[in-house]
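This briefing is intended for a reader with the coordinates at hand.

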Amino acid sequence: MITLKEYLDEQINEQLKQIVISGRRDFAMPENIRIRPVLIKGEVCYQCSAQQGTKALHHNYSKKELIAYLESILDKYGQLQAVGAVLDGTVLISRKGKMTIKTKRHAAAAPAPMKAHNRVKQYILKEGIPVSFLVDLGVMNRDGKVLSQRYDKFRQINRFLEFIEDVVDKLPDNREITILDFGCGKSYLTFAIYYYFCELKQRDVRIIGLDLKEDVIVKCNALAAKYGYEKLHFCQGDIAQFEGVSAVDMVVTLHACDTATDYALAKAVEWGAQVILSVPCCQHEMNRQIKSEILQPVLKYGILKERMSALITDGVRANLLEEKGYDTQILEFIDMEHTPKNLLIRAVKSGKRNQNRNLEEMMKALHAVPTLEKLLYPRGREWMQEDE
């Protein structure tokens, strides 16, 4: 008599079309589970999909992992039905856990095309095409294959380039573009931006990366020289004190900590940057300042106060940029599962100022004066008096 493991080992392969598990007996489990083979990074995996309440659940398994998973849950259901190219099967499970396995072989049907997993997409930087800086930074090997442990970084870089692609037509195309990357760190994105403009878009661009760490700057300048990136330079310095240029077309700031983001945004406004891309980090200032009797039942919990402070900080920053003539969006940069610091502020200069008087009232109610407010309005909000 065939065992469950023997049956599953034969049924689960590339010829599998679908498995449906139903007849739920344990109401802590999803009502039913559907399984199909998918391609992920060129390898066959098995995707389990289920609906639990309003939440859609998806998980991908190797063949070995899937068999182990099915063996562990089938006693909580009444049946498993499988359809394959040459083998179909039914597993009936009694309330006492006894399993009856029935199989049926048939003439080979034309196999359904295996669907690629929904995460497979066309990236701006293509997998399989070696990019020198991604190889040196440990994201790709020399054949252009993305290393499995660095795939999140590969997606992050491409995601950032997509944000640029959406607004690239807002940048001048008849002259050199100047881009500043504040707090560039190891400069994955800085190199990617230079490659995007020079190699993919054939645009004339000058990029300056700024960071406090001298060893990082030395290494990045050496790599830029190695690749022949003549207009990519890295400088050591502080965002607040940087005076190396008089005009900038685009300002990038990725995870500049706390008020360093505010100084970068203020510099961008001062230079009249056409595009600003900022991923803020560690918004401690608001957390120290914020006070509100009406919100005290929530603010008394430290973790909630911290998260509310971060959201309020970025909302205020977006509004202040709108007051200075920018169309501003707050977008999800990468999935929350990778980092909680996943919001990106994207601002494009329009010249149309959105004068938001409610913003000042909200800040007064919260007893907070953010650094960006002080940098953009060193003498107070002159426009408030001008409009009256």
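**Overall architecture**

The chain contains 13 helices and 15 strands, where helices (H or I, at least four residues) and strands (E, at least two) are DSSP runs numbered from the N terminus. This is a predicted model, in which local features need pLDDT of at least 70 and side-chain atom pairs count only at pLDDT 80 or more, while totals for chains, interfaces and linings use all residues. Residues are numbered from 1 along each chain as its sequence is written, and side-chain values use heavy atoms, with hydrogens and water left out.

**Dimensions and surface**

- The radius of gyration of the chain is 27 Å, whereas a compact globule of 388 residues would have a value near 21 Å; the radius is taken over C-alpha atoms, and the globule rule is 2.2 Å times the number of residues to the power 0.38.
- The C-alpha trace spans about 85 × 60 × 35 Å along its principal axes.
- The accessible surface of the chain amounts to about 20600 Å², with 50% belonging to carbon and sulfur atoms; areas come from the Shrake-Rupley method with a 1.4 Å probe, and for residues only the protein chains shown count as cover.
- Of the 388 residues, 45% count as buried (under 20% relative accessible area; exposed is over 50% and partly exposed in between, with a 1.4 Å probe and protein chains only).

**Contacts and charges**

- Among contacts with a separation of 6 or more, 66% join residues 24 or more positions apart; contact means heavy atoms within 4.5 Å.
- The chain carries 55 positive and 51 negative charges, whose mean positions are 8 Å apart. Lys and Arg count as positive and Asp and Glu as negative, without His and the chain ends; each charge is placed at NZ of Lys, CZ of Arg, CG of Asp or CD of Glu.

**Nonpolar cores**

- The largest nonpolar core has 53 residues, of which F133, F191, I193, F197 and M250 touch the most other members. Such a core is a set of buried Ala, Val, Leu, Ile, Met, Phe, Trp, Tyr and Cys residues joined through side-chain atoms within 4.5 Å.
- Helix 5 (residues 188–200) supplies the largest share of this core, nine residues.
- Beyond its neighbours within four places in sequence, F133 is in contact with L125, Y188, F191, A192, Y195, Y227 and Y229.
- Another core, of 35 residues, lies apart from it and includes L210, V245, V251 and W271.

**Buried helix residues**

- T261 belongs to helix 7 (residues 260–271) and counts as buried because its relative accessibility is 0%.
- Not counting residues up to four places away in sequence, T261 touches T253, A256, S278, P280, C281 and R317.
- M363, in helix 11 (residues 357–366), counts as buried at 6% relative accessibility.
- With neighbours within four places in sequence set aside, M363 is in contact with M286, I312, V316, A368 and P370.

- Most residues other than glycine have a negative phi.
- Q202, in the loop between helix 5 and strand 10 (205–211), has a positive phi near 55°.
- Q202 is exposed, with a relative accessible area of 62%.
- D258 has a positive phi of about 50° and is placed in the loop between strand 12 (250–257) and helix 7.
- D258 counts as buried, at 11% relative accessibility.
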